[in-house]
Amino acid sequence: MTTANPVEVRRNEQARPAPALPPAKIFVNGEFTSPEGTEVFTVINPSNEQDILDVPRASVEDVDRAVSAAHQAFAHWGRTVPSERAAALLSIADRMEQERQVLVDLESLNTGKPQAVAEDDVDSAIDSFRFMAGALRAGTTLAAGEYAKDHTSVIIREPLGVIGAVTPWNYPLLMGVWKIAPILAAGNTLVIKPSETTPLTTLKFAELTADLLPAGVFNVVTGRGAVIGDRLASHPDVAMIALTGSVGSGQSVAASAADSVKRVHLELGGKAPVVVFDDADLDATVAGLRNGGFWNAGQECGAACRVLVHESIAEEFTAKLAEAVQSLVVGEPGAGAEVEIGPMISRAHYERVLEHLKLAEEEGNEFATGGHAVPSKGYFIAPTVIKASKGAACTQQEIFGPVVSVETFSQEDEAISRANEVPFGLAASVWTKDAQRSHYVASRLDAGTVWVNAHLVLATEMPWGGFKGSGYGRDLSAYALDDYSRTKHVMHNMAR
């Protein structure tokens with residue numbers, strides 16, 4: 001059953017000047033260049049379905065050219081001292097800050113993100129570069145010392161070499177920077193493949209920072225994951241492949257990387273459980289989930305999308321959540337600061353989300369609000385809250401849209417076991433006033449990040465990454481620097 005509530009897409013009343021688009025080329029060895037072939041992919045504005053730019057689909061030969069440039073550049077970049085790399089990263093952050101509005105407008109155009117979301121993305125990306133510039137100069141490697149008699153041991157942390165990175169469409173610039181900043185900070189060189197759907201800010205980043213890095217240190221190759229990603233994963237001169245994306249993409253990359261025994265860094269999907277106990281502050285919980293469940297239109301791997309609420313407060317909680325969600329403002333970028341929900345990224349993804357909603361209805365679940373597309377140009381879906389039955393598909397599968405399911409539990413142990421039953425383990429949250437309970441439950445939730453009385457609050461200094469089907473490896477924090485480097489033990493004989 002669908003609860004109908006009118007949802008309108010807020011539109012720009014005046015035409016906005018188009019942001020300056022990047023060159024429609026690949027970026028190799030410090031310059032934009034044409035790929036080997038002529039095949040292109042049209043980038044579409046998801047808010048109005050209009051074409052933005054034709055971006056090239058590169059070939060295996062283009063990947064090889066980029067890897068060769070990165071390999072040659074590594075000979076110098078990998079030997080730079082930390083202060084040199086830190087200065088380069090700080091220069092990049094300053095340049096991004098100078099061009100902040102260009103990046104915000106371009107990200108909004110390409111993804112349909114509301115202004116506030118795009119601004120947060122760009123500001124967080126700038127902060128990531130500044131953090132890594134400091135972190136790389138304050139390593140935590142074990143101190144040198146005498147661990148075997150008459151022998152002094154020294155631990156050296158070294159860069160890996162050329163790293164291939166594959167980034168997703170939901171946070172094109174931010175997820176790109178979560179790879180770029182620590183990879184370069186650790187002394188590696190990089191070939192990055194942005195999502196075909198959202199390559200514009202990665203290309204613009206290359207354009208804006210081309211003069212700040214030696215040629216070949218940073219390269220961008222656009223195209224299909226099955227071509228570019230697979231070649232990066234199998235290339236003998238690529239030391240590591242780092243991917244943020246779907247579980248299927250992670251499995252494919254890991255399989256391709258196995259033949260050359262290269263390291264793999266995976267940040268994959270999520271289905272974040274939200275455990276709400278009967279003593280939780282309901283108004284604060286609802287406010288937290290209104291944001292944490294629907295930020296970036298729910299196209300967020302850590303979204304608070306699966307609520308497990310104690311049965312004694314379920315009716316009141318669900319009614320409050322549905323009412324709060326109905327107040328979310330849906331619109332296109334630039335239609336006012338009040339806009340909170342943008343479109344799905346593409347027609348294909350829009351149709352996938354609608355299929356999930358159709359299945360939820362067919363399984364007998366009830367929509368407390370939403371559950372339908374918004375009749376308008378663009379790929380908009382009404383913010384949705386589902387009263388879900390135990391084991392329903394909508395509680396188990398990653399929908400990746402503005403959809404939150406609510407199911408009930410009766411006992412604490414039941415809540416923990418059901419929270420852990422999905423194959424993902426990226427994020428979770430616990431809502432309770434009982435401090436002892438919060439520590440106990442958080443320690444038993446199988447997720448890389450667990451919030452208590454909050455959700456989707458990130459800090460550059462803290463690691464982000466998951467367990468189980470959500471992958472391995474850590475983004476953000478000094479742990480990312482460890483992921484993108486290797487340790488070498490050098491032992492000196494001091495005996496006389």
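A: A contact, as the word is used here, means heavy atoms within 4.5 Å. Among contacts between residues at least 6 apart in sequence, 75% join residues at least 24 apart. This is a predicted model, in which local features need pLDDT of at least 70 and side-chain atom pairs count only at pLDDT 80 or more, while totals for chains, interfaces and linings use all residues. Residues are numbered from 1 along each chain as its sequence is written, and side-chain values use heavy atoms, with hydrogens and water left out.

For the setting, the C-alpha trace spans about 75 × 60 × 40 Å along its principal axes, and 56% of the 496 residues are buried, where buried means under 20% relative accessible area with a 1.4 Å probe, counting protein chains only.

Turning to the part you asked about, a disulfide is a covalent bond between the sulfur atoms of two cysteines, and here the term is applied to a pair of cysteine sulfur atoms within 2.5 Å. The structure holds 0 disulfides. For Cys301, the closest cysteine sulfur is that of Cys305, and because the two are 10 Å apart, the distance is too far for a bond. Cys305, in turn, is in no disulfide, with the sulfur of Cys301 as its nearest cysteine sulfur, 10 Å away. Cys301 counts as buried because its relative accessibility is 10%, and Cys305 counts as buried because its relative accessibility is 12%.

Conventions. Buried < 20%, exposed > 50% of the residue type's maximum accessible area, 1.4 Å probe, protein only.
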